[in-house]
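Welcome! Please open your viewer and get ready to select a few residues and helices, one stop at a time.

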Amino acid sequence: MLAASCRLLEQWAHPEPEGGAAWPETVSLDAWLKGPTPRFQAGRPSWCYGTPGIARALQLAALACGREASRSRAEFLLSTCLRDANQLVRVTDATICHGWAGLCLVADRAASESHADSPLRRTLPSLRARFTAHLAQNPMPKDAGLLTGADGVLLAIHTLFPPHPVASAWGTCLLIN
């Protein structure tokens, strides 16, 4: 079942002009029945339905069933997405669902389970710096809440920026562990 999930996710990964690949944010029933098509533009790079979250799902499935090629592909696609200025410009808030907190969390978890020479590990410092810069230039979300509020942003900050780290197991509710 996990191997089939890997194949399915890889089948729907569409090549990007700058290298790498992206997945469609949503797939209608009609599109699902027709199968993958190369005509779409990568959406916002978010945890919830963007390339980062899907690449992490592929990495986790590949780790679970020992598909090294799928794992390497997931890590490459995620690192390519995280370096793509055209995609990163679409990240406009600090939240977990669509913002820097979720992007950094998924990248951090994926990097922690990547090979020592993975480009993901080299991408983390600049990604965290962008998150920090965003926080310095923009107010925290006014609402409370995990996915779209200040609570999630604060939890991400404490997870990503020690000296007082939070146990990373809380990310299980986001399906990134």
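Predicted model: local features only at pLDDT ≥ 70, side-chain atom pairs only at ≥ 80, totals over all residues.

Residues are numbered from 1 along each chain as its sequence is written, and side-chain values use heavy atoms, with hydrogens and water left out.

**The core.** Select Trp23, Leu105 and Phe131: of the 39 residues in the largest nonpolar core, these touch the most other members. Such a core is a set of buried Ala, Val, Leu, Ile, Met, Phe, Trp, Tyr and Cys residues joined through side-chain atoms within 4.5 Å; buried means under 20% relative accessible area, with a 1.4 Å probe and protein chains only. Next, colour helix H6 (100-112), which gives the most to this core, with nine residues. Helices here are DSSP runs of H or I, at least four residues, and strands are runs of E, at least two, numbered from the N terminus.

**A helix pair.** H6 and H7 pack at about 160°, with axes 10 Å apart; the axes are lines fitted to C-alpha atoms over the stretch in contact, and angles run from 0 to 180 degrees between N-to-C directions. H6 is therefore roughly antiparallel to H7 (angles over 145 degrees).

**Two single residues.** Select Thr95, in the loop between helix H5 (85-88) and H6. Is Thr95 buried or exposed? It is buried, at 6% relative accessible area. Finish at His14 in strand E1 (residues 14-15), which is also buried, at 5% relative accessibility. The His14 side chain reaches the backbone oxygen of Trp12 at 3.2 Å.

Key: Buried < 20%, exposed > 50% of the residue type's maximum accessible area, 1.4 Å probe, protein only. Polar contact = N/O pair within 3.5 Å; in protein donor to acceptor, adjacent residues only side chain to side chain. Parallel < 35°, antiparallel > 145°, perpendicular 65-115°, else oblique.
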